[in-house]
Amino acid sequence: MKYKITAFVFLLLMTASARAQQSAKNNLPRIAIAGIAIESSTFSPAHTDEAAFHAQYGQDLLKVYPFLSNDSPMLQRAVWIPTLGGHALPGGAVTRKAYESLVNKTLDSLKKHLPYDGLFFDIHGAMSVTGLDDPEGDFIVRIRKVVGTKTIISTSMDLHGNVSWRLAANTDLITCYRMAPHEDAMQTKERAVENLLQRIESGKGKPKYKAYVSIPILLPGEKTSTRIEPGKSIYAAVAPASVQPGVVDAAIWIGYAWADEPRNHAVVMVTGDDEATVKKEATQLAKRFWDLRNDFVFVAPTGTLEEALTKALASKVHPYFISDSGDNPTAGGAGDVTWTITEILKNLAFSKADGPSLIYASIPGPELVKKAIAAGIGNAVDGYAGAAVDARFAPPVHLAGTVTSIEYGDKDAEVEVVVKVGSVYVIVTQKRKPYHKEIDFTRLGLQPRKADIVVVKIGYLEPELFAMRADWLLALTPGGVDQNLERLPFKRIQRPMFPFDKNMKTPDLSAKLVPVSGK
C-alpha cells in the first residue's frame, strides 16, 4: 500500500512539473525563422535554380545557428518555429519558378504555425530574380500578409545587400555585417535575434523610429573592405552609433554593385526610440561615407592578368596569389569563364612540367571530370572545360595533361579532379565551387603554401588565403562581376551615381523616417 501511495504521489508531482513546464513554455514568445539568401549578378548569363539554395526546414534549419544550439541560453528564451532557410552560392539571377517555389513553401509553413510574436528574417539582400525587382522587398511584404502587422520582424543582412524603402518599411529591426570579409556574419545574425528578443521581453515592442539615408554611391566590395581605409574607419563608427541612448541598432550597406536595379546603392539605417538621436546618427554615418567617397581604392594592387603573371614570375617570395576577379563565383560570377586559364596556358613559362608551379582554382567541366575518373590518377586525360554558361570572353579551354587527384563528396563541387598541364595544376569541378580555405586545396593533394603562384577566382582574399599569401595582386579580368563597373552596361540604376558621375552635386543626406510597419 505504501508503495502504491508513493507511486501515486510521484505521478502527481511529475504531472504538475510537466504542466508547469508547459505553462512556462506557453508564456514564452513564439518566434519564426525564415529567409533565402543569394548574391546574384544581372550581368552574368547564368541562372540559379531552387536546388542551389540547399533549403533546410524545421530543426535542420535551427542547427544553422550556433547561438540556438541545445545548450544555448538563447534557445530557452522563446518557442522557435523554423520554417525554411536556404543559402545559395552567389551566381546569376534566380529563376522566377525557383523564387516562387521557395517563397510559397515558406508562406505555407508560416500559415501552419500562426501566431508569432516575432520573426527572424535572415537574408542577404542582393538577390536578383528574373522579371522581378527587389525580391527581398516582395518577400517581406508577402510574409507580412501572413503574419500580420503585430509580429515584430528583425532582419539580418550582408553589408553588400540592398535596402529598398519597401524592405525598410516592412521590417521593424534591421542590421547588417560590419566587416568585409564577413568574419562577423554569425555574430550579426545573433545580434538581430538578441535585438528581437529584447524588444519582446521588455514589452517595448517595435522601435518608434527608423531613420533611412540613401547614398548615391555604388562600389564593389573589393574597394570597400574594412581591412583598409576608408572602409575601416567608416565601419568603425557603426558600433558606437548603435549604443547611443535611444538607439537599438545602426548599419551601413555598401550595396551590391553587379545588379542593374534602382535599389542598388549604399544605405544607412538607424533604429531606435529617440527620434533626434536616430536621425542624427544616421545622417552623420551617411555624411562620413559620402565625404570619403574619393578615398576608396582597391584592397590590393591591381593590374591586367599579363601584369600580374609577370610580377608573380619575377617575385622572390611565394606563394604569390592572383585574384581572377571578373568571374568570382562568390560575387555572382558564372564561375566558368575560361579567359584567364586560357591565357595562363598560353604562357610559355608554364609549358614544361618542371616550370614554375601554378595552382588554378577552378573551372567547372563535368565531361572532363568523367574522363578523368575513367582515366584514373596518374594517367593522361584530354578534354574541354568551362564556358558552358559564360562563353562571351573565351571558348571552352582545352586541357591535355595528367590526372593527379580525384575527390568526391564536396557540397558544391560534388566531384573535383586535378589535371596537371605543363607546370599548371588545374582544378576541374563537376559543379562550380569557390576555394577559400587551405583544406580546399590540401584535400586534393595540393600544397598552396609551397606553390610559386596560386590563381583563385575571387576578389579580395578570404582570411585563410590572405594569411597564407606572400604577395598578392588583384587581376582586373573580364566576367559577370567585372571590377571595372564602368565597363558594364548599367541602364536602370538611379543617376547621378558615384563613381559614374564623378562631378555630381552633393546629395541630400538628411535622414528620412520610415513609417513603422503597419502604420
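Biologist: In which sense do S11 and strand S12 pair, and over how many bridges?

Modeller: This is a predicted model, in which local features need pLDDT of at least 70 and side-chain atom pairs count only at pLDDT 80 or more, while totals for chains, interfaces and linings use all residues. Residues are numbered from 1 along each chain as its sequence is written, and side-chain values use heavy atoms, with hydrogens and water left out. Strands (DSSP runs of E, at least two residues) and helices (runs of H or I, at least four residues) are numbered from the N terminus, and two strands pair if DSSP finds at least two bridges between them. S11 and S12, the latter covering residues 266–272, pair in the antiparallel sense, over six bridges.

Biologist: Which strands are the edge strands of the open sheet?

Modeller: Four strands form this open sheet with antiparallel pairing, and their order is S11-S12-S10-S22. An edge strand here pairs on one side only, and this holds for S11 and strand S22 (512–513).

Biologist: Is His160 buried or exposed?

Modeller: His160 lies in the loop between S8 and helix H5 (165–170). A residue is called buried under 20% relative accessible area, exposed over 50% and partly exposed in between, using a 1.4 Å probe and protein chains only. Because its relative accessibility is 7%, His160 counts as buried.

Biologist: With the side chain of which residue does the side chain of His160 make a polar contact?

Modeller: Contact means heavy atoms within 4.5 Å, and the residues that His160 touches, not counting those up to four places away in sequence, include Glu39, His124, His182 and Tyr460. A polar contact is a pair of N or O atoms within 3.5 Å; within protein, one must be able to donate a hydrogen and the other to accept it, and residues adjacent in sequence count only if both atoms are side-chain atoms. At 3.3 Å, the side chain of His160 makes such a contact with the side chain of His182.

Biologist: What is the phi of Asp134, which is not a glycine?

Modeller: Most residues other than glycine have a negative phi. Asp134 sits in the loop between S7 and helix H4 (135–147), and it is buried, with a relative accessible area of 7%. Its phi is positive, at about 50°.

Biologist: Which two residues does the cis peptide bond with omega of about 0° join, one of them being Pro115?

Modeller: Most peptide bonds are trans. Pro115 belongs to the loop between helix H3 (96–112) and S7. The cis bond joins Leu114 and Pro115.
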